[in-house]
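Reader: Hi! Could you walk me through this structure, one piece at a time?
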Amino acid sequence: MTAPSSAPFDIREIPFSRRGSWLDISPVVALHTVRDKLHLVSHQTGMHAIFVFEPLQHGRPVDAVVDATPTTLRWSTPDGEVEAVFENDSVLRVRGRTAQLRIADATPELTPFTGTYLFTDPIDEAAVFTSYETGRRYRITALSGALSITGSEALGAGERSVDTTGDEWEIAIEEFDAARAQYRAPGSFDDAAAAVAAEFDHYVESIASWRSERTPGVSAACYVLWSATVSPSGFLERESIFMSKHWMDKVWSWDHCFNALALAPGLPREALDQFSIVFDFQDGSGALPDSVTHSEVLYNFVKPPIHGWAFRKIRATLEAPLELRALTDVYDSLVRWTRFWLERRRIAGHVLPHYQHGNDSGWDNSTTFDHDRVIEAPDLAAFLLVQLEVLAELANELGRDSEAASWADEANAVRSALLDLWTGDAFVARAPLSGRLSKTSSLLNTLPIVAAAHLPENIIEGLSERISEHVTDFGPATQLVDSDEYEADGYWRGPIWAPSTAIIEDGLRRGGQTALADLISERFRRLCEGSGFAENFDALTGEGLRDRAYTWTASCYLTFAREAEERHTRVDVDEASLTAP
């Protein structure tokens, strides 16, 4: 089997980076903004293009073929090549043979508040760029060959760039705060590349030792996760997996659950960190933030309470039991999160809490919210029901019997209220003040299948039938494709998404609808293997849409693939036992 670290990927789809770094190299420089040339991009204080990379031959720009693997990035020119490797999370090593590289300021102008200033450090003659946008410094040090610096100490508009010179040369590019000791290479370029390869191969083996020829997307999925991981910095005090090192460079308060699920089988400590990230930012009411990143925490919306469902699923895959302290911390966090919904999002006399906007559900523009934005939604009730059940289980385990009984009573009440939203053939959402009912053509209305253990058989069958109506050749569309509201690239009004697919597949399986669950799992896996790990997909063509390197998509693929391999192994074992003498 080919080493994961040598597997090529398309740099226009997936950024070149490494675990822990806040930097990447990509032509994607902003929201839906793709340049012809590759840029060095930083995600500190936002997404900011720092440098433009331009290969040169004899001092003139030339076209180059770009190849990327998890280990190295290469520009191949007509007569030479330039290679790059991340030595660590803040240092990029670059070398060239019979080709040079121009490293130019990506911002057009320096003002008193924006842009990048360039100067030549008198101590070691390194080129140093200081960025207003990131508030960081970027130092270029020549390890061999020399630097030709243009625009040193220039103000206002004008070219600021560094050219490498010499037939063979090597440089180091660093990102740091105010100051750092003069750069000294700890080893060769090839040593750095070998270390990256070993680290990534170990990562893949840790979380996907089960991979086989039936799971060809594993290496790429692991790279999407590994390369989108940043080290603790700014507000984030834990290693964190962003949704992407494109423009979706944040942790959202339900996305992180799917990434934790992918890590749990082989990296339990890292999985628990991913699960816990957003709980570090719970406010006084128990609410989780909408999103967190380097220098920003947003509370204007929340996300659905899938955390009880996710924690139960994470815990089931861990090889060793959690320590009592960790279990208690999770329980207390889930208690505060649940009480937020029960105490701050319920109208007096109502059993069910409500969303205040589609963004609260994670399904921003779902047709379920077309009539009303403030709704008591069936998916919210189902998630809360599962979370209450998990809380009751944890309270019993921790010896908090009275709390367990209280959670069980609350769960019974929520279950009854959820069933009241069933019309006989579909779940509806309801505006809490007017009582107006929602449309039912969104896949969101089928998400109560997640609580299959609490639903009568006729409702499970009804939900299964409705889910089947959403399933295309590639998976479950988020809007019925034959409805008037369907949009091929309509965000939650049509495209296939990983989280909704994962939740529905799990609920169907728990509800005994294994044939449909198997079909959905298989189609989604084939979709990712053919179209990559995009934010979402055209439900009728399978084309990847929006951000093309999305971690929760990669994580759901890894979870589906692992579970499919486990089912395949169980079948093999069962067949072997039947034929044994």
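Reader: Thanks! Which residues in helix 3 meet helix 4?

Author: First, a quick note: this is a predicted model, where local features need pLDDT of at least 70, side-chain atom pairs count only at pLDDT 80 or more, and totals for chains, interfaces and linings use all residues. Residues are numbered from 1 along each chain as its sequence is written, and side-chain values use heavy atoms, with hydrogens and water left out. Now to your question: His256, Cys257, Ala260 and Leu263 in helix 3 meet Pro268, Glu270, Ala271, Gln274 and Phe275 in helix 4. Contact here means heavy atoms within 4.5 Å, and helices are DSSP runs (H or I, at least four residues), while strands are E runs of at least two, numbered from the N terminus.

Reader: What angle do helix 3 and helix 4 pack at?

Author: About 175 degrees, with the axes of helix 3 and helix 4 8 Å apart. Axes are lines fitted to C-alpha atoms, for helices over the stretch in contact, and angles run from 0 to 180 degrees between N-to-C directions. Helix 3 and helix 4 are therefore roughly antiparallel (over 145 degrees; under 35 is roughly parallel, 65 to 115 roughly perpendicular, and the rest oblique).

Reader: And what about helix 3 and helix 5, parallel or antiparallel?

Author: Those two pack at about 5 degrees, with axes 10 Å apart, and that makes helix 3 roughly parallel to helix 5. Among the residues that meet there are Phe258 and Leu261 from helix 3, and Trp309 and Ile314 from helix 5.

Reader: Is helix 5 largely enclosed or exposed?

Author: Largely enclosed by the rest of the structure, because 8 of its 11 residues are buried. Buried means under 20% relative accessible area, exposed over 50%, and partly exposed in between (1.4 Å probe, protein chains only). The buried residues of helix 5 include Trp309, Phe311 and Lys313.

Reader: New topic! Which residues of helix 12 are buried?

Author: They are Leu516, Ala517, Ile520, Ser521, Phe524, Arg525, Leu527 and Cys528. These cover an arc of only 165 degrees around the axis, which puts them on the same side of helix 12; the arc is that of the directions from the helix axis to the C-beta atoms. On the other side of helix 12, Ala515 and Gly530 are exposed.

Reader: What comes just after helix 12?

Author: Gly532, which takes a positive phi of about 80 degrees.

Reader: Last one: where is Phe176 found?

Author: In strand 13, residues 161-176. Phe176 counts as buried, at 7% relative accessibility. Leaving aside neighbours within four places in sequence, Phe176 is in contact with Arg136, Arg137 and Arg139.
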